[in-house]
Amino acid sequence: MGRAASIEKAATGGSGMDSHTGGAGRSGRSLGRANRGETTIAQVTPSRWSSARRYGLLAAVAVVGLAAPLTPLTANATTQTIPPTLLSTIGGPEHAYVYPSGVEVAPNGDIVVSDIGNNTVDEFTPSGTLVWQVGTFGAGTNQFDNPRDVGVDTAGNVFVADAGNSRIVKLNANGSWNTSWTAGGNGTNMSFPLGVSVANNQVYVADTGRKLVRVFDDNGNSVASFGTNGTCIIGGLRDVDADAAGNIYVANYENNNILKFTSTGTCITTWGTKGSGNGQFRAVYGVSLATDPVAEAAGDGTQEVYTADSQNNRME
């Protein structure tokens, strides 16, 4: 599949993934880290998701505004389809300006992109103007090797899952280098982290090579590190996020399910089986906790779980 070469902005719909097993960037068939052949990111209008942490998940097909509330799918839910309307595109086909893998929205509304094709991290205005860009191929300062995902905190600092270097990189809000770390906690280093998100002033990492969830403070100090617990069996985690209460959700793509842990790693529940029905998944590559933008505008700030169901070409 060719590389995803553009970022597209649409009105109506909704963050991102890539394949650790040979794909580049979060699968273009999922919703956010686009595979290098299909793309897209869009801006959520008319109202943006204030938390908007997993626009990798909302972005793969398009970052969009919702004309009506999205209903997350469960085994008993019904599908609600809201087709996006394209507003604009950043980049272009073939030898592209940008190969987006992970996408987030900064507090000022700018779009932050992990560009796996050029080994850079970029920030654009909502209209597509480049604000800053940092990175070349390598393992040093201001270098990346396969930057798969980005997370942004409330101050605008950017956290990068630098997968090929098995580290997390922290950039300041202006794109300047802050720090990086490889230590994952419990005396182990990270191995090929594919997903990163920021919530509750903490950094959540999907340490794919170790099959562990890592939690850090925003300076890289380990807060928690855990793996399989009870019925929450990690079989290839691709993404991780947390709700406002601190509960942690894992996109467990090899086992085609979502795992929910407490903040300390105790299994709460799981859901999903392999398939294409409601509440089923085929290689779930992304998970995000966010409020429905239309419901939020009406005063309902309830968080919902959104997933990028890669091989079913849909978001649930």
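What percentage of the 316 residues in the protein chain is buried? Buried residues make up 60% of them, where buried means under 20% relative accessible area, exposed over 50% and partly exposed in between (1.4 Å probe, protein chains only).

1. Basis of the note. This is a predicted model, in which local features need pLDDT of at least 70 and side-chain atom pairs count only at pLDDT 80 or more, while totals for chains, interfaces and linings use all residues. Residues are numbered from 1 along each chain as its sequence is written, and side-chain values use heavy atoms, with hydrogens and water left out.

2. Overall content. The protein chain has 2 helices and 25 strands; helices (H or I, at least four residues) and strands (E, at least two) are DSSP runs, numbered from the N terminus. Its accessible surface comes to about 11,100 Å², and 47% of that belongs to carbon and sulfur atoms. Such areas come from the Shrake-Rupley method with a 1.4 Å probe, and for residues only the protein chains shown count as cover.

3. The open sheet. Four strands, in the order E19-E20-E21-E22, form an open sheet with antiparallel pairing; two strands pair if DSSP finds at least two bridges between them. Strand E19 (237-242) and strand E22 (267-271) are the edge strands, each pairing on one side only. From one strand to the next the twist averages 20 degrees, with axes taken as lines fitted to C-alpha atoms (for helices over the stretch in contact) and angles running from 0 to 180 degrees between N-to-C directions. Strand E21 (residues 257-261) is joined to E22 in the antiparallel sense over 4 bridges. Leu259 stands opposite Thr270 in E22.

4. The disulfide. The count is 1 disulfide, defined as a pair of cysteine sulfur atoms within 2.5 Å. Cys232 is joined to Cys267, with an S to S distance of 2.0 Å. The link of Cys232 and Cys267 is right-handed, with 65 degrees about the S-S bond. Cys232 sits in the loop between strand E18 (222-226) and E19, and Cys267 in strand E22, so the pair ties together parts that are 35 residues apart in sequence. Both ends are covered: Cys232 is buried at 0% relative accessibility, and Cys267 is buried at 16%.

5. Strand E17 and its two partners. Of the 6 residues in strand E17 (residues 212-217), 5 are buried. On one pairing, strand E16 (residues 202-207) runs antiparallel to E17 and is joined to it by 6 bridges; Val205 has Arg214 in E17 as its bridge partner. On the other, E17 and E18 run antiparallel and are joined by 4 bridges, with Val213 opposite Phe226 in E18. E17 and E18 form a hairpin with 4 residues between them, and Gly220 in the turn has a positive phi of about 90 degrees.

6. Nonpolar cores. A nonpolar core is a set of buried Ala, Val, Leu, Ile, Met, Phe, Trp, Tyr and Cys residues joined through side-chain atoms within 4.5 Å. The largest has 17 residues, and those with the most contacts inside it are Tyr204, Val213, Val240, Ile248, Val250 and Phe261. At least two residues of this core come from each of E16, E17, E18, E19, strand E20 (248-252) and E21. E19 gives the most, with 3 residues. A second, separate core of 13 residues includes Val112, Val134, Phe144 and Leu171.

7. Contacts of Phe261. Leaving aside neighbours within four places in sequence, Phe261 is in contact (heavy atoms within 4.5 Å) with residues including Phe226, Ile234, Ile248 and Val250. Cys232 and Cys267 are also among its contacts, and these two cysteines form the disulfide.

8. Backbone points to check by eye. Most residues other than glycine have a negative phi. Asn186 has a positive phi near 55 degrees; Asn186 lies in the loop between strand E13 (183-185) and strand E14 (188-189) and is exposed at 66% relative accessibility. Lys211 also has a positive phi near 55 degrees. Lys211 is in the loop between E16 and E17, a hairpin with 4 residues between the strands, and is partly exposed at 38% relative accessibility.

9. Ala199. Ala199 lies in strand E15 (residues 193-199) and is buried at 6% relative accessibility. The C-alpha atoms of Ala199 and Val152 are separated by 8.9 Å, and the two residues are 47 residues apart along the chain.
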